Amino acid sequence: MIHTNHRIEYRPDNCIGCQLCFQACFIDVIRWDAEKKQPVFKYVQDCEHCNYCMAVCPKGCITVIPDFKSQSPRQSFDMYK
Ligand code: SF4
Ligand code: SF4
């Protein structure tokens with residue numbers, strides 16, 4: 001998995017604890033705090049910038065801020081030399 005520097009802004013004030021963001025994240029970025037009934041953005045370095053969490057949130061609590069440079073595949077093109 002490529003580690004990225006994407007950032008996630010979470011504004012808890014309007015959060016209704018619906019868990020949609022938690023269920024939408026297909027990686028392990030978002031965990032659930034059962035006590036506070038809020039998402040925890042725990043492994044942000046694994047975020048793939050799919051925007052699912054931002055798209056499903058009915059209250060606009062989440063903004064994913066991409067850093068596309070960090071998403072570039074770090075691969076070798078030695079085979080083409
Ligand atoms: S943008 Fe996608 S990968 Fe990143 S936290 Fe949201 S759902 Fe998970
Ligand atoms: S989808 Fe939005 S409202 Fe629902 S738990 Fe996540 S941040 Fe809160």
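How many residues lie between E2 and E3 in their hairpin, and which residue in the turn has a positive phi? Four residues separate the two strands, and lysine 37 is the turn residue, with a positive phi of about 55°.

This is a predicted model, in which local features need pLDDT of at least 70, side-chain atom pairs count only at pLDDT 80 or more, and totals for chains, interfaces and linings use all residues. Residues are numbered from 1 along each chain as its sequence is written, while chains are lettered from A and ligands numbered from 1 in the order in which they are written.

**Fold.** The chain has three helices and four strands. Helices (H or I, at least four residues) and strands (E, at least two) are DSSP runs, numbered from the N terminus. Their order from that end is β-α-β-β-α-β-α. Among contacts between residues at least 6 apart in sequence, 59% join residues at least 24 apart. A contact means C-beta atoms, placed from the backbone, within 7 Å.

E2 (residues 30–33) and E3 (residues 38–41) run antiparallel, joined by four bridges. Strands pair if DSSP finds at least two bridges between them. Arginine 31 stands opposite valine 40 in E3.

**Core.** Buried residues make up 12% of the 81 residues in the chain. Buried means 20 or more other C-beta atoms within 10 Å of a residue's own, exposed 12 or fewer, and partly exposed in between, with C-beta atoms placed from the backbone. The largest nonpolar core has nine residues, including Cys21, Cys25, Val29, Cys53 and Cys57. Such a core is a set of buried Ala, Val, Leu, Ile, Met, Phe, Trp, Tyr and Cys residues joined through C-beta atoms within 7 Å. Leaving aside neighbours within four places in sequence, cysteine 25 contacts Ile30, Tyr52 and Cys53.

**Isoleucine 27.** This residue sits in the loop between helix H1 (20–24) and E2. Isoleucine 27 is exposed because 12 other C-beta atoms lie within 10 Å. Beyond neighbours within four places in sequence, isoleucine 27 contacts Asp46 and Glu48.

Key:
Two residues are in contact if their C-beta atoms, placed from the backbone, lie within 7 Å.
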